[in-house]
Amino acid sequence: MIRYNVKVDDQIYQVDLEKDTTTQGAEKTESSADICFEAIKAEYDYCVTRAEKLENKVYILLAACAFVFVLLTTQIEKAGELGMPQSGSELFGIIIYAILLVVAVISNVGMLVMTVSLLKSVRFERLDSGLLLTEGVPDEKDTTAVRFIGRLYVQHTVNNNAVLEKGYTAFNRCVDAFCVSIVALIALAIISAF
């Protein structure tokens with residue numbers, strides 16, 4: 001018993017409380033199956049988060065591609081305003097301008113095609129919760145259920161990580177094409193200023 005003094009309206013009362021002995025010593029203990037399941041689930045969740053980040057990066061790159069497309073159309077419009085060259089240096093400038101314009105167009109179109117195909121090709125495996133019911137997992141012991149679900153998580157994580165590695169490699173190629181396009185457009189802007 002624990003005795004407390006409680007003050008109510010300037011009067012002190014003594015209150016006795018009994019300690020609940022049923023909760024003492026009955027601390028929640030996690031089994032090794034629970035710990036393993038949490039580790040496997042954390043890795044699966046991390047894989048799904050990486051997939052969402054890749055998709056967000058692709059959409060950002062597509063938005064940047066639209067901006068580059070506007071700059072590209074401006075440079076194409078300026079190419080139509082070029083006159084006949086009067087000297088060898090003007091001819092050389094126009095040839096360089098045309099080459100840079102072709103490089104910018106090819107890299108921009110290539111990046112756009114690769115980015116859209118990346119969105120179509122990156123498909124991740126998700127855990128089908130209906131499979132748990134079909135296989136009768138709720139009727140099994142906890143450790144059996146953890147093993148079954150953990151095995152599915154590990155299979156999906158391995159497959160999804162392989163898909164993600166291919167996706168990030170393709171994304172890096174898209175970024176490389178984007179950089180080439182930007183450098184070509186900057187060079188075009190400098191050349192067209194003269």
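## Thr74 in helix 1

Thr74 is part of helix 1; helices (H or I, at least four residues) and strands (E, at least two) are DSSP runs, numbered from the N terminus. With a relative accessible area of 35%, Thr74 is partly exposed. Here buried means under 20% relative accessible area, exposed over 50%, and partly exposed in between (1.4 Å probe, protein chains only). Thr74 and Leu185 are 111 residues apart along the chain, and 10.0 Å separates their C-alpha atoms.

The model is predicted: local features need pLDDT of at least 70, side-chain atom pairs count only at pLDDT 80 or more, and totals for chains, interfaces and linings use all residues. Residues are numbered from 1 along each chain as its sequence is written, and side-chain values use heavy atoms, with hydrogens and water left out.

Not counting residues up to four places away in sequence, Glu43 is in contact (heavy atoms within 4.5 Å) with Thr157 and Asn161.

Arg50 is found in helix 1, which spans residues 32-80. Arg50 counts as buried because its relative accessibility is 17%. Leaving aside neighbours within four places in sequence, Arg50 contacts Asn161, Leu164, Glu165 and Tyr168. With Glu165 there is a side-chain to side-chain polar contact at 3.1 Å. A polar contact is a pair of N or O atoms within 3.5 Å; within protein, one must be able to donate a hydrogen and the other to accept it, and residues adjacent in sequence count only if both atoms are side-chain atoms.

## Helix 2 against helix 4

Helix 2 (residues 88-121) packs on helix 4 (residues 142-193) at an angle of about 155°, and the axes are 8 Å apart. Axes are lines fitted to C-alpha atoms, for helices over the stretch in contact, and angles run from 0 to 180 degrees between N-to-C directions. Helix 2 and helix 4 are therefore roughly antiparallel, the word used for angles over 145 degrees.

## The chain overall

The chain has four helices and two strands, in the order β-β-α-α-α-α from the N terminus. Of its 194 residues, 25% count as buried. Among contacts between residues at least 6 apart in sequence, 75% join residues at least 24 apart.

Technical notes. Parallel < 35°, antiparallel > 145°, perpendicular 65-115°, else oblique.
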